[in-house]
Amino acid sequence: PLQDLLPKVKLGGDKLPRFRASNDEERKDEKLAEQETLRLQVMTQLRAGAFDRICANHGKPSRDEMESFMAELPGLRDVRDARLASDCFMRYWDGDHTAGAFICTALIERLFRNLALKTGRSLYRVHREKRPGQYPGLGFLLKELKDSLDPSWYRFLWTFLASPAGVNFRNELFHGFVRDASDGQLFLLLIALTYVAALDTTVEGEQDPGS
């Protein structure tokens, strides 16, 4: 209760102010993001450790086996995307976490953009005066697809990848503030990647996207 009486300012990787709640909706999101971030910190290493033990006990799949598996997911029908996805897993197992994080985050954003385009959303901002044409970032895409995502999955993706009140990993990484990604961070990215790759046939309500 005492903490709620004090104004909070979220700092970014550059130690400059990144977010300060200015209304009730933002304060609610901030409180929820704080709890979600804490839970991520506690649970990630436990889940990643279990994942590592499975691989230690049963052996890691080969690159070809991973590519074949990933290519079966609806969002990875393009063999190039399946190859990139499998490479993210291989880099996790090889300990190349930072490079894997860059590849995985970019691929996640690409897959979400594909999903948004599939649902008929107009995303590309055309050239206007001195502003070149561009696609919006992952935070915008997640909000656009919010109603098509399982609520708990949306909160995970939003808080970890894009929320200025949360981890905001996508922006921290691409703005150069993450120099050494951890195994836990890449593990969370692999979860996010697998989820969005399996969403291609569910965004239009054919089945529960959380299944």
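What share of the contacts in the chain with a separation of 6 or more comes from residues 24 or more positions apart? The share is 63%. The model is predicted.

**Overall make-up**

The chain has eight helices and two strands. Along the sequence the order is β-β-α-α-α-α-α-α-α-α. Of its 211 residues, 42% count as buried. The chain exposes about 12300 Å². Carbon and sulfur atoms supply 52% of that area.

**Helices α1 and α8**

Helix α1 spans residues 24-58, and helix α8 spans residues 183-197. Their axes come within 9 Å and cross at roughly 80 degrees. An angle of 65 to 115 degrees counts as roughly perpendicular, so α1 is roughly perpendicular to α8. The table lists the residues that make the contact.

| Helix | Contact residues |
|---|---|
| α1 | L40, T44, Q45, R47, A48, F51 |
| α8 | D183, G184, F187, L188 |

By class, this contact of α1 with α8 has five nonpolar residues, three polar ones and two charged ones.

**Helix α2**

Helix α2 covers residues 63-70. Its buried residues are M66, E67 and M70. Why do they lie on the same side of α2? They cover an arc of only 100 degrees around the axis, which puts them on that one side. In general, an α-helix has 3.6 residues a turn, so residues three or four places apart point the same way. The buried residues of α2 pack against α3, residues 79-94.

Note on methods
Residues numbered from 1 in each chain as written. Predicted model: local features only at pLDDT ≥ 70, side-chain atom pairs only at ≥ 80, totals over all residues. Heavy atoms only, no water. Axes fitted to C-alpha atoms, helices over the stretch in contact; angles between N-to-C directions. Helix = DSSP H or I, 4+ residues; strand = E, 2+ residues; numbered from the N terminus. Parallel < 35°, antiparallel > 145°, perpendicular 65-115°, else oblique. Contact = heavy atoms within 4.5 Å. Nonpolar A, V, L, I, M, F, W, Y, C, P; charged D, E, K, R; others polar. Buried < 20%, exposed > 50% of the residue type's maximum accessible area, 1.4 Å probe, protein only. Areas by Shrake-Rupley, 256 points an atom, 1.4 Å probe, with all protein chains shown as cover. Arc of directions from axis to C-beta.
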